[in-house]
Amino acid sequence: MKARRPRHQRVAGQATLPLVFAVKPVDNSRLRREVNPEHRRECLALLGLGVAVFVFVFLVALQHFQCVRAGYEIEQFKSQRAALEEWNHQLRLEEASLADPQRIDALARQEGLTSPSPQQVIRVGPGGEAPTGSLEFARNIPNLGPAPVPLGGISGQ
Amino acid sequence: MILGGVLALWMLGLFARLYQLEIFDYGELLSRAQRQQQRTVEVAAQRGTVYDRQMRPLAMSLAVDSVYAVPAEIPNREMTANLLAAVLDLDQGDLVGRFKAFRSFCWIKRKVSSEEAKRVRNLNLKGIYFQTEMKRFYPKGALAAQVLGYVGLDDKGLAGLEFGVKEIEGKPGRVLVAEDARHQSYRSSESQGRAGKNVVLTLDENIQYITEKALSEAVTQFQAAGGAAIVQDPNTGEILAMAGVPGFDPNDYAKSPPEARENRAVSWVYEPGSTFKLVTVAAALEEKLASPSEVIDCQMGSITLAGHVIHDHKPYGDLTVADVIAQSSDVGTIKLGLRLGEDRLYRYIRSFGFGARGGIELPGEERGLLKPPSAWSGISIGEISMGQEVGVTPLQLVSAYSAVANGGILIQPRIVRDIFQGNVHEPPLPARGQRVVSAQTAATLRQVFGGVVEHGTGTPAQLSGYTAGGKTGTAQEIDSSGKYSKTNYIASFLGFAPLEKPAITILVAIDSPVGAHYGTEVAAPVFRSIAEQTLACLNVPQDNPSRLLQVQLPTPSGPLRQQRSNPVGRRTTQSEMAEAATSPVEPVSYSLPAQEATRGTVILNDGPLLALPDFSGMALRVVAEKCQALGLELNLSGSGVAIQQSPAAGTKVPAGSKVWVNFER
C-alpha cells in the first residue's frame with residue numbers, strides 16, 4: 001500500500017502555481033432582521049416569570065431561614081427566661097432561709113442581745129398605742145444610754 | 001443507542017426510588033426523622049408555695065437536676081461507676097450492678113444539689129444525662145414542720161398540709177423540642193401543665209417560732225417525752241401557731257422517727273384533766289344551776305361515787321364556785337356535774353366540740369374519745385366532770401376555750417387563709433360558728449378563769465402588762481397495764497389574754513415531765529412566755545401596766561457592752577464574740593414599774609405613714625422605681641402593666657411595708 005503524500009510537500013516535476021487571494025465585497029447592510037413582537041413578548045414574559053419565581057423562592061427561602069434563626073433566638077431567650085426565673089426562685093429561697101427567725105435569734109444572741117419584756121417595749125409610731133406609763137419611761141430615755149436593739153420576734157412587723 | 005438506554009434505565013430507577021421514598025415510605029420516614037430531630041421533655045409539675053399570714057414563704061419548689069444513665073451508651077462501666085460514686089457519694093458496686101441490670105435507662109441519683117450536678121457535668125461522661133425535676137424546700141427548716149408536712153421523692157404530699165390541701169399539687173406538662181444536628185433547639189411547642197396553687201396560712205412565722213421555742217425549752221427542762229402548743233385567735237378561729245415537740249426537718253424527713261412527724265396538736269388524744277372543768281362549770285352557769293359566788297361544800301377533799309372514793313389534791317371545805325375552779329377542786333366540780341346530770345353534761349360536751357372533728361384543713365385530725373351516756377358507769381359522771389374517761393385533742397380544747405374567750409361561740413378552727421394563683425383568689429368559706437353559751441355566761445366564765453390566774457393554781461401564768469385567764473391541768477396517763485400511771489402525767493395550761501377582750505387563746509400540754517408534773521409548775525410558765533411575746537408581736541395594747549413583776553435582765557456582758565464602752569467603735573473580733581457567746585449571763589432581778597425598768601426599754605418607732613400611689617397601668621419598671629423611691633418592698637407577679645395592687649392605692653402604710661402588685665399584658 002502506497003503511503004499518502006502530505007499536502008504541503010511538493011510533487012517532483014510539477015510547477016508551483018501562485019495563489020491569489022481576492023476580496024469579494026458583500027454588502028448585506030440592507031438586510032434587516034425581522035423582529036417578531038410575539039416572540040419577544042414571550043421571551044420577556046418568560047424572563048419576568050423566571051425572575052418572579054426566583055424572587056419568590058428567594059424570599060421564601062430567606063423567610064424560612066429567618067424563621068429558623070428567629071427560632072434559635074426564641075429558644076435561647078426562653079432558656080434565658082427559664083434560667084432567670086429559676087435564679088429568682090433560688091434568691092427567694094435564700095432570702096427566706098436568711099430570714100429564718102431561729103437564725104436571726106441565734107445571731108442576735110451571739111451579739112449579746114436579749115428579748116425585751118413587753119413592759120420594755122414602747123411603740124411611738126402611728127400604729128402603736130403606747131401605754132401612758134410608757135410615755136413617762138420614754139421621756140427619761142436620753143439619760144439612760146443606748147437602748148438595746150429589739151429582736152425580730154418582738155418588734156413585730 | 002446503548003448509552004441512551006443505560007441513561008434511561010438509570011433515570012427510571014432514580015424516579016422509582018424517589019417515588020418510593022416520597023410516596024410509599026413517606027409516613028415512616030417522617031416519623032423516623034421526627035424521632036431523630038424532636039425531643040419530648042417532661043415539665044415537672046410545680047407545687048404551689050406555702051406562705052405564712054405575712055406572705056413569708058414556708059415551703060417552695062425549685063427545679064433541680066436528677067442524674068440518669070443509658071447503660072448501653074456507657075463505654076467503660078466500672079470507670080464511670082467509680083467516678084460517679086466518688087462525686088455523688090454513692091456505692092460503686094451498686095452502680096455497676098444497676099448498669100448491668102438495665103440497658104436503656106436507670107437513675108443514678110435524683111434531685112442532686114447544684115454542686116453535685118456541676119461536678120457530674122464537668123466529668124463529661126458518655127451515657128450520663130440530666131433530667132430536671134422539682135424539689136420541695138422548707139427554708140425555715142423545722143419551723144411548723146408538722147403543720148406543713150413533707151413530700152416524697154415523686155413530689156407527692158405525704159403528710160400535713162402538703163397532703164391535706166390538694167390544690168397545692170400541679171399537673172405536669174410536656175414540651176416538644178425540635179433540635180438540629182448539634183442538639184440545639186430551634187423550635188418548641190408546649191402542652192401546658194398546671195402549676196399548683198399557692199396557699200396562705202393563718203400561721204405567723206414569728207409567733208410560731210416563739211411558741212416552738214418556749215415549748216421546746218420546757219420539754220428539755222423537764223425531760224418530757226414531748227409536748228404540744230397552739231395559739232389561736234379566738235375571734236376568727238385562725239391558728240396563729242401550732243407546735244409539737246419533738247419536731248423534725250421536713251427537708252430531710254427520712255432521718256426523723258415517725259412519732260416526731262406526727263402533728264400532736266390534732267392527733268394526740270389524751271385525758272385533759274382539770275382543763276376540762278371548763279365544760280362542767282360553763283354548763284352549770286348556763287343552766288343557772290350555779291353562780292360564781294355560790295358556796296359549795298367540798299367535804300374536806302373527798303367524795304364517794306358509786307362506791308368509789310375520789311380525793312382532791314388538797315382538802316378543801318367551803319369554796320365558792322369561782323374558787324372551785326381557781327383551786328381546781330375535783331369534789332366541787334363533781335358536785336356541779338351531778339347537778340347537771342348525765343344527758344345535760346353530755347350535750348354540753350358535744351356542743352363544745354368534743355367527740356367530733358373540728359374540721360381544720362389538716363389531715364389526721366382525731367375526733368377524740370367520748371362515750372354516750374348509755375355507756376357511762378355510775379362513776380362516769382364524776383370522772384368526766386373533772387376531765388377523766390374522756391379523750392380530747394389539743395385543738396378541741398383550745399377551740400372550747402376560744403369559745404369562752406370570744407363571747408360564747410364555738411368557731412371552726414382554721415389554718416388556711418387563702419388559696420390563690422395569679423390574681424385568682426379562692427379564700428376558704430367563712431368559718432362556721434355555733435353558740436354554746438350566752439355572752440353573759442362567757443363573760444362570767446372569763447372572770448372565773450381570771451381568778452385562776454390571779455389567785456388560784458395558775459398564778460405562774462400571770463402576764464407582765466396584761467390580764468389573763470386560764471386553767472391548769474394535770475392528768476394521769478394510762479400505763480401499759482390500763483391503769484392510771486403513778487409517774488407519767490400530762491401537765492397542761494389553757495388560757496386567754498387579755499381577759500376582757502381576748503386576742504389570743506393558748507394551749508400548752510407537756511407529756512410526761514420529769515421532776516415537776518403539775519400544770520402550774522410545768523405548763524403555766526410556758527403559757528406566760530408565749531403570751532407575753534405574742535401579745536407584743538400582735539401589738540395588743542397593755543391592759544394591766546400597773547402589775548409589779550420580776551423582770552430578769554442579763555447584765556450587759558456581750559459584745560454590745562464592749563462596743564458601748566469603746567467609743568472609738570472598734571469592731572468586735574471573732575474571738576470576743578465567741579467569748580461573749582459562751583460567757584454566762586448573770587440575771588438581775590428587780591421590780592417594775594420602778595423607773596429603773598427603763599434601763600432596758602426599747603423604743604420602736606414605726607415612722608411616718610405614706611399614702612400608697614395608684615400603680616394601675618404602670619409598667620413594671622416604673623412601679624419598681626416608685627417603690628424603691630418610697631422605700632417600699634415590692635412583691636410582684638406576672639409581667640406587663642400593673643392591674644391590681646394590695647394594699648389599695650391611698651392606703652397609709654409605714655415605710656418598708658410590703659406591696660403586692662399584679663401585672664398582666
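Reader: How many residue pairs are in polar contact between domain 2 of chain B and domain 3 of chain B?

Author: One residue pair, with both residues at pLDDT 80 or more. This is a predicted model.

Reader: Where do these domains run?

Author: The domain assignment of chain B gives domain 1 as 40-193, domain 2 as 205-537 and domain 3 as 546-664.

Reader: How many residues of domain 2 of chain B are in contact with domain 3 of chain B?

Author: Ten residues of domain 2 are in contact with seven residues of domain 3. The count of salt bridges between these two domains is zero.

Reader: What area is buried between domain 2 of chain B and domain 3 of chain B?

Author: About 610 Å², of which carbon and sulfur atoms give 33%. On the domain 2 side, B:Asn423, B:Gln462 and B:Ser464 lose the most area to domain 3, together 58% of what that side buries.

Reader: Why is the pair B:Asp52 and B:Arg56 called a salt bridge?

Author: The side chains meet at 2.9 Å, N to O. The cut-off is 4 Å, so the pair qualifies. By this rule the count over all chains comes to 25 salt bridges.

Reader: What makes B:Arg110 and B:Glu133 a salt bridge?

Author: Their closest N and O atoms are 2.5 Å apart, and the limit is 4 Å. The pair links distant parts of the chain: B:Arg110 is in strand E4 (residues 106-112) and B:Glu133 in strand E5 (residues 128-137), 23 residues apart.

Reader: Why do B:Arg110 and B:Glu133 fall into separate classes of accessibility?

Author: B:Arg110 stands at 26%, between the cut-offs of 20% and 50%, so the label is partly exposed. B:Glu133 stands at 12%, under 20%, so the label is buried.

Reader: Which residue forms a salt bridge with B:Arg344?

Author: B:Glu287, with the closest N and O atoms 3.2 Å apart. This pair also links distant parts of chain B, 57 residues apart: B:Arg344 is in helix H14 (residues 342-351), and B:Glu287 is in the loop between helix H11 (277-286) and strand E13 (295-297). B:Arg344 has 25% relative accessibility and counts as partly exposed. B:Glu287 has 24% and is also partly exposed.

Reader: Which residues do salt bridges with shared partners join into one network?

Author: A:Asp105, A:Arg109, B:Lys213 and B:Glu217.

Reader: How do you know that the length of helix H3 of chain B agrees with its number of residues?

Author: H3 covers residues 77-88, twelve residues.

Reader: Which residues of H3(B) are buried?

Author: B:Thr80, B:Ala81, B:Leu84, B:Ala85, B:Val87 and B:Leu88. The buried residues pack against strand E3 (57-69), helix H4 (92-101), E4, helix H5 (114-123) and E5 of chain B.

Reader: What lies at the two ends of H3(B)?

Author: At the start, a side-chain oxygen of B:Asn76 reaches to within 3.4 Å of the backbone nitrogen of B:Glu78. After the helix comes B:Asp89, with a positive phi near 60°.

Reader: Where is B:Ser512, and what is its phi?

Author: B:Ser512 lies in the loop between E23 and helix H18 (519-522) of chain B. Its phi is positive, about 55°, and B:Ser512 is not a glycine either. At 12% relative accessible area, B:Ser512 is buried.

Reader: Which kind of peptide bond, cis or trans, runs from B:Val245 to B:Pro246?

Author: Cis, with omega near 5°. B:Pro246 is found in the loop between strand E12 (239-245) and helix H9 (258-261) of chain B. The bond from B:Ala497 to B:Pro498 is also cis, with omega near -15°.

Conventions: Residues numbered from 1 in each chain as written. Chains lettered and ligands numbered in written order. Predicted model: local features only at pLDDT ≥ 70, side-chain atom pairs only at ≥ 80, totals over all residues. Heavy atoms only, no water. Helix = DSSP H or I, 4+ residues; strand = E, 2+ residues; numbered from the N terminus. Buried < 20%, exposed > 50% of the residue type's maximum accessible area, 1.4 Å probe, protein only. Expected span 1.5 Å × (residues − 1). Contact = heavy atoms within 4.5 Å. Polar contact = N/O pair within 3.5 Å; in protein donor to acceptor, adjacent residues only side chain to side chain. Domains from an automatic or database assignment. Buried area = accessible area lost by both parts, 1.4 Å probe.
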